[in-house]
Amino acid sequence: GEIQLGNILEQIMAPEQYEQNVKTKKGSDAHVEFAIKLPGKGNSGESVYLPIDAKFPQEDFIRLQAAYDVADPVAIDKANKSLMKSIKNFAKDIRGKYIDPPNTTDFGIMFLPIEGLFAEVARQPEMITMLQREYKIIVAGPTTLAAMLNSLQMGFKTLAIQQRSSEVWEILGGVKTEFGKFGDVLERAQKKITEANNDLDKLVGTRTRAMMRNLKGVEELPSPEDNEALDETLGIEE
């Protein structure tokens, strides 16, 4: 369970966003398997831990699965009650060892590493409600925990944007200034190009017409290609 929990955290969270084997409660030597570092209030820079502990009541779960296999209602009920008792004790253990506001959140997460195990707890809403009300514990399976962590990750990104909004504003202001300068340079370059184009029109148009008027009385010579065609027509050999 601890290995699987670590893999999920590693896939979704950045390394600096959580810690492993953390002592979250002052005056206690108990270390929670993992704790997510949430931003604290104010500018102190201190983090608030969200404890996450993996639990796996293996014997109770195996007995419940065996009861399902033989379709024994009495055995199923007995195994299910034993499983819920273990889950309740785990929740009590997490609350007592790891939850310590304001150093931590006022709730913790119990990670159940098998979806079938989580489903057994989730199909009993009164158990989920009791764990949250009395022990401040949220139960999560692999899929549920991944969804929670993704939501937290989006919150971290939003917070980072808010904290650096002034920097972003300054960058955008600088871009706007540079873009304005670029527009001025482009406008001057366009003006030069227009002036050069006008000069070229004058050269090609006005000057060409003037030269043609001066050459009007000069007889035009045939081109080399015309001379060759004329020679062939007249039969003149070189």
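This is a predicted model: local features need pLDDT of at least 70, side-chain atom pairs count only at pLDDT 80 or more; totals for chains, interfaces and linings use all residues.

Reader: Within what distance do the axes of helix 2 and helix 3 come? And what's the handedness of the crossing?

Author: The axes come within 8 Å, and helix 2 passes helix 3 in a left-handed crossing.

Reader: Which residues make the contact?

Author: From helix 2, it's Asp 60, Phe 61, Arg 63, Leu 64, Ala 67 and Tyr 68. Helix 3 brings in Ala 75, Ile 76, Ala 79, Asn 80, Ser 82, Leu 83 and Ser 86. By class, that contact has 8 nonpolar, 3 polar and 2 charged residues.

Reader: OK, switching to rings. How many aromatic pairs are there?

Author: The count comes to 2. One of them is Tyr 18 with Phe 34, a tilted pair at 6.3 Å centre to centre, with 55 degrees between the planes.

Reader: What does that pair tie together?

Author: Tyr 18 sits in strand 1 (residues 18-22) and Phe 34 in strand 2 (residues 32-39), so the pair ties together parts that are 16 residues apart in sequence.

Reader: Are Tyr 18 and Phe 34 buried or exposed?

Author: Both Tyr 18 and Phe 34 are buried. Across the protein, buried residues make up 29% of the 238 residues.

Reader: And the overall layout, what pattern does the protein follow along the sequence?

Author: It reads α-β-β-β-α-α-β-α-α-β-α-α-α, with 8 helices and 5 strands.

Key
Residues are numbered from 1 along each chain as its sequence is written. Side-chain values use heavy atoms; hydrogens and water are left out. Rings of Phe, Tyr and Trp (its six-membered ring) pair if their centres lie within 6.5 Å; planes under 30 degrees apart count as stacked, over 60 as edge-to-face and the rest as tilted. Helices (H or I, at least four residues) and strands (E, at least two) are DSSP runs, numbered from the N terminus. Buried means under 20% relative accessible area, exposed over 50%, partly exposed in between (1.4 Å probe, protein chains only). Axes are lines fitted to C-alpha atoms, for helices over the stretch in contact, and angles run from 0 to 180 degrees between N-to-C directions. A crossing is left-handed if the near helix is turned anticlockwise from the far one by less than a right angle, and right-handed if clockwise. Contact means heavy atoms within 4.5 Å. Ala, Val, Leu, Ile, Met, Phe, Trp, Tyr, Cys and Pro count as nonpolar, Asp, Glu, Lys and Arg as charged, and the others, Gly among them, as polar.
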